[in-house]
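Please take a moment with the sequence and the structure shown below, and keep both in view while you read.

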Amino acid sequence: MKHARVLFNGSELDVTVEDLFAETGQLKSKVDGLLINEADVTWLCPVKEPGTIFALGLNYADHAAELAFEPPKEPLVFLKGANTLTGHKQNAYRPDNIEFQHYECELVAVIGKEGKNISREDAMDYIAGYTVCNDFAIRDYLENYYRPNLRVKSRDSLCPIGPWLIDKDDVGDITNLKLTTHVNGELTQEGTTADIIFDVPFLVEYLSKIMTLKPGDMIATGTPKGLKDMQPGDTVVCEIEKVGALVTHIVSEQTFYGDKY
Amino acid sequence: MSKNPIVKGKLVCVALNDAEQFNAMQAEFAEAPYKGAPQQPVLYFKPHNTWSTDGAVVEWAQVDGSPAEQMVVGASLAVVFGKECCRVSEAEALNYVEGYTLVHDFSLVEQNYYRPDIKGKCLDTSAPIGADVVAVADPQALTVVTSVNGTVVNETPVSQLVRGVAELISTISYIMTLQPGDVIAVGFPGQRAPVAPGDKVHSVIDGVTELNNTLGQ
């Protein structure tokens, strides 16, 4: 089952995504079973109470090579603030006066059960399901302190996520899922989760050795090669086979912040 | 979700903000992997599993299944936001503050600052946050004093931070919108104090608030 959260008539609503959604565009309210048209909602982050957002750097062998890095011997994990999250078909902004902002299409594993010191063998019992995120980076802002630093990776709106959370069992094997990114309809990134260096069970074991994992925590598992600069007006679609396709519109900093600019 | 009644969203900490440490590290900053002193505040999150309270026992860290050889603690003045704070100037920054409290950052020894220190900083219960949120006219005039088992180990005047409270709020508010219940710990002593299992850690800002914690076994 696919679970989503939307704004409908000014209120946040939990919905399921109907099997025939691609044809009907219909969502079903979890409260009263009412069928709602996608055209009448604003998509939100599918995780209701986002916990810790872990993200992986250089976790695809091909991407590490693209950035001229040796593949890491230990996972490169960083944390992101929940201010970065926004839903499907929403705006993300390009900061003023920068040279290079790129998307990162990533498979996200969402924790469904609290645990510590979880073994690799038991790890999948702690996963509720999966979603897609676009973990944008502003390369101009990289500094060699806690790299990738928060200025690069914790900006408002720069981690769109969704459209929905799909139950783990509906996806099954995640070790060879195709990932693609299209910018304005052009294929710009293509890869497979088969190239992941540190896989989801490894990461659950690794992180839970350090700290307690809780429901709502998320692990964004990194991105394959294929970086491209983004500009206001661009539409970027990050898609992962069997999981979903996440659409984001790039706007200027001024458009995004409006009165607060 | 939060085990702390004050912090609700983000706990943002500022590293390398002690001027004494910052100046002493200039030669190291020039070398690899840093290749230059930081131009921006050096920030890290203490995630929600770390949040704890005044009076709480802080778990002694396990590293690969064995008790950590050493833990350290630093205390910081902490800014608690009372309203949404997005892209504010330094001049107006303090208007968004509900009040001030203390944060203890317990961690493994800081080895270096190149990569995010998940192993060292994200330990369960390692970020106790004070019970009181107190309005203060001039946070730059405050001093944080930390004692371990009754002996003073650090005395950090806020005025000696590389970047002050208003500047940090402004800079961070241009990176991420801060919400009511978000907290910024503005700066820790460069020399974090070593602690042992069972130690009692006490920090105080005179006339504002105190924070007491005990290390677990």
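In which sense, parallel or antiparallel, do strand 1 and strand 2 of chain A pair, and over how many bridges? Strand 1 (residues 2-8) and strand 2 (residues 11-17) of chain A pair in the antiparallel sense, and seven bridges join them. Here helices (H or I, at least four residues) and strands (E, at least two) are DSSP runs, numbered from the N terminus, and two strands pair if DSSP finds at least two bridges between them. In general, strands of a sheet pair through backbone hydrogen bonds, either parallel or antiparallel.

This is a predicted model, in which local features need pLDDT of at least 70 and side-chain atom pairs count only at pLDDT 80 or more, while totals for chains, interfaces and linings use all residues. Residues are numbered from 1 along each chain as its sequence is written, chains are lettered from A and ligands numbered from 1 in the order in which they are written, and side-chain values use heavy atoms, with hydrogens and water left out.

The hairpin of strand 1 and strand 2 of chain A has two residues between the strands, and in it Asn9(A) takes a positive phi near 50 degrees. Within this pairing, Ala4(A) has Val15(A) of strand 2 as its bridge partner. Val15(A) also has Ser29(A) in strand 3 of chain A as a bridge partner, and strand 2 is joined to strand 3 (residues 26-29) by three bridges, the two strands running antiparallel.

Elsewhere in chain A, five strands form an open sheet with mixed pairing, in the order 9-19-18-15-16. Its edge strands, each pairing on one side only, are strand 9 (90-94) and strand 16 (186-192) of chain A. Strand 9 runs parallel to strand 19 (residues 244-252) of chain A, with five bridges between them, and Tyr93(A) stands opposite Val251(A) of strand 19.

Now turn to the contact between the chains, where contact means heavy atoms within 4.5 Å: 44 residues of chain B and 38 residues of chain A take part. Together the two chains bury about 3500 Å², of which 57% is on carbon and sulfur atoms; buried area is the accessible area (1.4 Å probe) that two parts lose on being put together, summed over both. Between chain B and chain A there are five salt bridges, a salt bridge being a side-chain nitrogen of Lys or Arg within 4 Å of a carboxyl oxygen of Asp or Glu. Asp124(B) forms a salt bridge with Lys116(A), and their closest N and O atoms are 3.3 Å apart.
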